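Visitor: Can you walk me through this one? I'd like the packing, then the chain contacts, then some local detail.

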Amino acid sequence: MAEPALSIRGLTKVYGNGFHALKGIDLDVAEGDFFALLGPNGAGKSTTLGVVSSLVQKTGGSVSVFGIDIDRDFAKAKYHLGVVPQEFNFNQFEKVEDIVLTQAGYYGMPMREAKPRAEQLLRDLGLWDKRKGSARMLSGGMKRRLMIARALIHRPRLLILDEPTAGVDIELRRSMWEFMKRINREGTTIILTTHYLEEAESLCRNIAIINHGDIVQNTSVRDLLAQLNTETFLLDLAHPVEAAPTLEGFSVERVDATQLALSVERGQRLNDAFSQLSAQGFEIVSMRNRANRLEEMFVSMVEHANAESGRSTDKVEVRS
Amino acid sequence: MNAWQTWIALWTLVTKEVRRYMRIWPQTLLPPSITMTMYFIIFGNLIGSRIGPMDDIPYIDYIVPGLIMMAVITNSYSNVASSFFSNKFQRSVEEMMVSPMPNWVILAGFVVGGASRGLAVGLIVTVVSMFFTDLSIHHPLVTIAVVIMTALLFSIGGFINALVANKFDDISIVPIFVLTPLTYLGGVFYSIHMLPNFWQGVSMINPILYMVNAFRYGILGVSDIPVGGALVAIAVFIVVFFMAGLWMLERGKGIRS
């Protein structure tokens, strides 16, 4: 059986101030997977990825990358890793091309091999025309793409993306998604952390949710969504209404004069709700989900975990 | 990493450092040249002509080795201190940490890069000094050995300073309050034989005195101290400082949480 791309066992991290960031987590990511690691701010996502990429020193536990224990041969494991951190971490005054080529040099890649590889990546990520310019002149989205090009220069088998599309406009985000899907199809295992749950839902096959240093869910996106009991739809009405209608078996709220919020439980049929609305003279012109499905699941799961552990429910930050 | 990959990584880091200080040459190479020109004009020509010879050597000739060494020391130190701390500050140090590059290569890359700036500035100051005096080198091998070893030693010092620094102020404390006084009191402008016995003894615990005098011996053939001992002492300091810097890197001091 093939070694997992990433295997984590009993990983703990206690920072110098006594904060327990990770409390013995176990995690496996299969080779070729597109894996999402989700959690509210401060849950332990970046600490986990920091340990894997050597930026954070673990307190206990073990981490293996493609079967290579980082305590035994971290240098060898690092050849398989590409890391795109959350914050910009390159010299803003260097040229775009130099940043990528320098990283190749750190991996011992000869220039004759690094130059065509850098050209291919910079072209693929729409940065080729900017290669001679200083990195500080790039837009935020371009800087993120530069970090992706840099992380891929040595052809890693496992790419870690820590909020790669944060602050990136929708059009660019979607083009980055296409790029990530392509390299995943070509065989690169990807681990992604994101606050954009739509991103996780549309890109990832498997997902783990981390909260207060514990893994509270680790399953496939499909299975996770199957656990969703209630979905809420926003219905736009053709004519204003004074009050929400009463529908048998459904919960309906009036959002404003021309919009209703309809809650549908698993097993219920939307047709039944629409029939009742039509019978009462309501004319629906459009409909959409109130929130991303995964977002609803994520919020309920984190809140449930907080309630079980007796913690106050933190405000969960999500963007969709 | 195999030997060839390690060499590529080291070369990459060194050329990156050289590219950095060459890109900002008006800040890195030009100011020391202007400062040293002022020293030559004021202390060498104007005041020096009234001071007379020192150890039977014209005063301007006497101060040339010390001024070259002063430029080498301050530039080697400040180059690595500011460059590595900037890498920490901008978090671009993470580029190196996530790579398989061994820690000794990271240390050696910055040190060689910093030493190359110290030596480049030393060369510029030497060329400037030739406008004021005829410079002939008595012991070329000693001269080259001392200047290279000194540049390496202070580059390592700058690296350690940057590792433990938390803010930009922390990398200017040592150059201002330690290096500059020790350099001025290290026999750049005078022979320690001019001092009373007590202060001669105090001067002997200043490590920079040994470097300046060993370098002066290489160029002028005169020294206040035994040159062989000075060379050994510098070599020992290089090894000790390098090992200390490597140990701190291995422990992630100042760069890993």
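## Packing, contacts and loops

Guide: Start with B:Met211, which touches B:Met69, B:Val146, B:Thr150, B:Ala230 and B:Ile234, leaving aside residues up to four places away in sequence. Contact here means C-beta atoms, placed from the backbone, within 7 Å. This is a predicted model, where local features need pLDDT of at least 70 and side-chain atom pairs count only at pLDDT 80 or more, while totals for chains, interfaces and linings use all residues. Residues are numbered from 1 along each chain as its sequence is written, and chains are lettered from A and ligands numbered from 1 in the order in which they are written.

Visitor: Which residues have the most contacts inside the largest nonpolar core?

Guide: A:Ile160, B:Leu67, B:Phe159 and B:Met211 do, in a core of 150 residues. Helix 4 of chain B, residues 59-89, gives the most to this core, with 17 residues. There is also a second, separate core of five residues; among them are A:Leu235, A:Leu262, A:Ala273 and A:Leu277.

Visitor: What counts as a nonpolar core?

Guide: A set of buried Ala, Val, Leu, Ile, Met, Phe, Trp, Tyr and Cys residues joined through C-beta atoms within 7 Å. Buried means 20 or more other C-beta atoms within 10 Å of a residue's own; 12 or fewer is exposed, and in between is partly exposed, with C-beta atoms placed from the backbone. Helices (DSSP H or I, at least four residues) and strands (E, at least two) are numbered from the N terminus.

Visitor: Back to helix 4 of chain B. How many residues does it have?

Guide: 31 residues, reaching 44 Å from the first C-alpha to the last. That is close to the 45 Å expected at 1.5 Å a residue, where the expected span is 1.5 Å times one less than the number of residues. Of the 31 residues, 28 are buried, so helix 4 of chain B is largely enclosed by the rest of the structure. B:Arg91 follows helix 4 of chain B and has a positive phi, near 70°.

Visitor: Switching to the chain contacts. How many residues of chain A are in contact with chain B?

Guide: 25, and they meet 22 residues of chain B. On the chain A side, helix 2 (70-79), strand 6 (81-84) and helix 3 (96-106) each give two or more residues. Helix 3 of chain A gives the most, with four. The chain A side splits into 13 nonpolar, 10 polar and two charged residues. Ala, Val, Leu, Ile, Met, Phe, Trp, Tyr, Cys and Pro count as nonpolar, Asp, Glu, Lys and Arg as charged, and the others, Gly among them, as polar.

Visitor: And the overall layout of chain A. How is it divided into domains?

Guide: Domain 1 covers 6-225 and domain 2 covers 228-293. The bounds come from an automatic or database domain assignment. The centres of the two domains, taken over C-alpha atoms, are 41 Å apart. Chain A has 10 helices and 14 strands. Its C-alpha trace spans about 75 × 45 × 40 Å along the principal axes. Buried residues make up 41% of its 320 residues.

Visitor: Which way do strand 1 and strand 2 of chain A pair?

Guide: Antiparallel, over seven bridges, with strand 1 at residues 6-14 and strand 2 at residues 20-29. Two strands pair if DSSP finds at least two bridges between them. A:Thr12 stands opposite A:Lys23 in strand 2 of chain A. The two strands form a hairpin with five residues between them, and A:Gly18 in the turn has a positive phi of about 90°. Strand 1 of chain A also runs antiparallel to strand 4 of chain A (residues 60-65), joined by five bridges. There, A:Leu6 has A:Val65 as its bridge partner.

Visitor: Now A:Val56. Buried or exposed?

Guide: Buried, because 20 other C-beta atoms lie within 10 Å. A:Val56 is in the loop between helix 1 (45-52) and strand 4 of chain A.

Visitor: What about phi at A:Arg155?

Guide: Near 55°, a positive value in a residue other than glycine. Most residues other than glycine have a negative phi. A:Arg155 sits in the loop between helix 5 (140-152) and strand 7 (158-162) of chain A. A:Arg155 is partly exposed, with 14 other C-beta atoms within 10 Å. A:Glu163 also has a positive phi, about 50°, although it is not a glycine. A:Glu163 lies in the loop between strand 7 and helix 6 (170-185) of chain A, and A:Glu163 is buried, with 20 other C-beta atoms within 10 Å.

Notes: Contact = placed C-beta atoms within 7 Å.
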